[in-house]
Amino acid sequence: MASHPLAPGESSSSNPPDSPPEPGWQGIASDWASDREVFKQVPWGKAMMWIFLLSDTFIFTCFLTGYMSVRMTITTAWPNPSEVFALTIAGKEIPLILIAIMTFVLISSSGTMAMAVNFAYRRDRAKTAALMLATAALGVAFVGMQAFEWTKLIAEGVRPWGNPMGAAQFGASFFMITGFHGLHVSIGALYLSIVALKVMRGDYERSGNYQNVEIAGLYWHFVDLVWVFIFAFFYLW
Amino acid sequence: MAYAEQAETEALHEPKSFLTKYIWSQDHKVIAIQYSLTALFVGVIAVVLSGLMRIQLGFPGTLEFMDASAYYQAMTMHGMIMVIYLLTALFLGGFGNYLIPLMVGARDMVFPYVNMLSFWFYLLAVVVLLSSFFVPGGPTGSGWTLYPPQSISQGTPGVEWGIVLMLVSLAIFIVAATMGGLNYVTTVLQARTHGMTLFRMPLSVWGIFMASIMALLAFPALFVSAVMMLFDKLLGTSFFMPAMISLGQQIDHQGGSPILFQHLFWFFGHPEVYIVALPAFGLVSDLISTHARKNIFGYRMMVWAIIAIGVLSFVVWAHHMYVSGMNPYFGFFFAVTTLIIAVPTALKVYNWVLTLWRGDIHLTVPMLFALAFIVTFLVGGLTGLFLGNVIVDIPLSDTYFVVAHFHMVMGVAPVLVVFGGIYHWFPKVTGRMLNDTLGKLHFWITFLGTYAIFFPMHYLGFQGMPRRYYVYENYAFIPQSAQELNAFITVIALIVGVSQLLFLFNLAWSAFKGKPAGSNPWGAASLEWQTPNTPPIHGNWGAKLPVVHRWAYDYSVPGIEQDFVPQTVSAEELEQMRQLSAGTKIADVKT
């Protein structure tokens, strides 16, 4: 690039490509600010999914901080989650057993998802689709167990506006937060099934790009990660 | 697949029929116009509502239907429409949609279909909002902040249906804003043209970009509070509702925290102020630079100031809550952050003034609006320093001083930029100029009128006149002179309100009969003025994307005749221009 009169403050971002990289923060800033793309070789869909997930993080954060602040300020007693979420199996009451299984199932589904992404980039269509469907099935199993849990609590008299165990906000927060997360899992299972179908049909073979599998995976891992926080803040507190 | 392939090879969905071209359009320019017209339409409704309120305040009893309930309903809808459905939608959905792809050299937004959905969700939100005028009980009258417990307690107007429709409409709007925002942010980050580095983008793009990021992070708080309040209202939960006695009855709720709502609301609400202000900052920077024929002063500092304001705006929210009864130590923290955010803001004002300094100022209509913005924003910003301090805020809170402050800083100031922006970019959108005489008339009435309206309100606030009263007669602590001033404000407000018809007429008339503008009537250097067609056609750039060689502010470059250098001019071309200019000068001397 020939030297031409640069406008003030223009020097570092219009360096010729063969000049040595700038050190430190200057270098980071000009890397980010450089030509055309901030994230090199990252497709649009993937960038957009990351930004969406950041926004969704704020939604869940607001739900959880809202719930925690209510829980800290109420004057009535909060029901003990270990007792409320216990199941009696073979005459023994085991605390949080169902939640533990649910958590295990959901985290396992992240494993199958990661394997699916791996096989997608190897262009192994059958294995990719199978693993994605397995992931979706684990998700459906998770939602099914959640439905069981809801049914059990409703049968015990837990309602959004009150419950026999203690503070009314317990039921309200429980149904709101797990409901919103369950909605995410359900949408995710549907989303994964559609992408799996497209993999099987060979849509991505024609365009030669399996990024969509990875993008769906990002969403799925996010939903999984959110559950870890819900598990910690709602059930273990 | 990275940018190069994606942008150059991906087939654009060329619209075939009238429906896909103008109604279900995926073209960012058409979507921008749809957004803008819808926003202007609801804006007219909000202006009419404010006129009705002013008649009631200036001449109580003139309008028979204007009782306390109707007044509060008008006030609530006026505030919510202006902040969310007009300003946010117009700056992000309107200006953002139109300008981002053109200014960064993209063919369209990265996901045109999602972009189209964004508009239709916005329209649905508007329809749901306006439908609350026609339901039993009318729209909600709880004030635009919707504070519980009052907003969902018996006795508040619109508690039956209005509040539900308001919350649902907000939730739909947030979905729309998210879909739009994802597009704007991804387009700026990943779909710029060759040579368009981040630090070559016009400040308009920077402002809209940062505001979109903030919208994506702040709207979740509003979404969550809307969901929680809907549950409180419809399912009988008690997130925000404490135990209390309402109309002599113990209510069914207990244990909720109204302050929690205030925190969630203002965690959204304060960034929202800057979601409106940052695009205005960006657009006004471009207007000033173009019409003063001078490069923007301190471009990089302007960018960093936008980023700093965006970040800081997330840690100042509780300065809206000094009188809420929260822990006084919070007040100390939030007063400090509030005063810190004034630093980058002041930096921007200095830089605008220094851009004007010894510039070749053309007093065109957009420039008049831009100059008016600087003055108005300064006045509104300075009163913000009063209100940011706890000890000054407490006596002034909920007085007309506050009304004057926020109308100046985030009402009038951004609206002046909206007008300036429309006068500036209208030639690109339609290919025709807006009428200059009508524009100047519109400007002077609006500018002087808004000062006549809002300046006296500061004084009324110091007198202790509280806001949100529907009539101010027979209060011992409000002197009679306040009523006379109220009548004066009302007369001016009605004049300013009616004068906006000049603007609407100008828009409609000039779109078809205006003077043809040519491709670059202002001699602007930024990329959107260098399109091969005006108005730009689908795909914006014809066969090849433009290549950018410089920043957007090369005005009055020494040694060449033309007083601006478009971003697409390369170093070699500039050298040719220079030699050509030198040649003509020699020729001049010889003759």
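Predicted model: local features only at pLDDT ≥ 70, side-chain atom pairs only at ≥ 80, totals over all residues.
**Figure 1. Overall form of chain B.** Chain B is built from 16 helices and two strands. Its C-alpha atoms occupy a box of roughly 95 × 55 × 50 Å along the principal axes. A compact globule of 591 residues would have a radius of gyration near 25 Å, and the value for chain B is 25 Å, so the two agree. Of the 591 residues of chain B, 54% count as buried. Among contacts in chain B between residues at least 6 apart in sequence, 79% join residues at least 24 apart.

**Figure 2. The contact between chain A and chain B.** On one side stand 44 residues of chain A, and these are in contact with 52 residues of chain B. Helix 2 (44–73) and helix 6 (168–201) of chain A each supply at least two residues of the side of chain A that touches chain B. Helix 2 of chain A gives the most to this side, with 15 residues. Sorted by class, the side of chain A that touches chain B has 27 nonpolar, 13 polar and four charged residues.

**Figure 3. The largest nonpolar core.** This core has 236 residues. Within the core, Val205(B) and Phe369(B) are the residues with the most contacts. Helix 4 (residues 68–104) of chain B gives the most to the core, with 25 residues.

**Figure 4. The surroundings of Phe369(B).** When residues up to four places away in sequence are not counted, Phe369(B) touches Leu416(B), Val417(B), Phe419(B), Gly420(B), Tyr423(B) and Phe443(B). One of these, Phe443(B), is a buried residue of helix 14 of chain B. Phe369(B) is also one of the residues with the most contacts inside the largest nonpolar core.

**Figure 5. Helix 14 of chain B.** Helix 14 of chain B covers residues 436–462. The buried residues of helix 14 of chain B include Gly439(B), His442(B), Thr446(B), Phe447(B), Ile453(B), Phe454(B), Met457(B) and Leu460(B). After helix 14 of chain B comes Gly464(B), whose phi is positive, near 95°.

Conventions. Residues numbered from 1 in each chain as written. Chains lettered and ligands numbered in written order. Contact = placed C-beta atoms within 7 Å. Helix = DSSP H or I, 4+ residues; strand = E, 2+ residues; numbered from the N terminus. Nonpolar A, V, L, I, M, F, W, Y, C, P; charged D, E, K, R; others polar. Expected span 1.5 Å × (residues − 1). Buried ≥ 20, exposed ≤ 12 C-beta atoms within 10 Å, placed from the backbone. Core = buried A, V, L, I, M, F, W, Y, C linked by C-beta atoms within 7 Å. Rg over C-alpha atoms; globule rule 2.2 N^0.38 Å.
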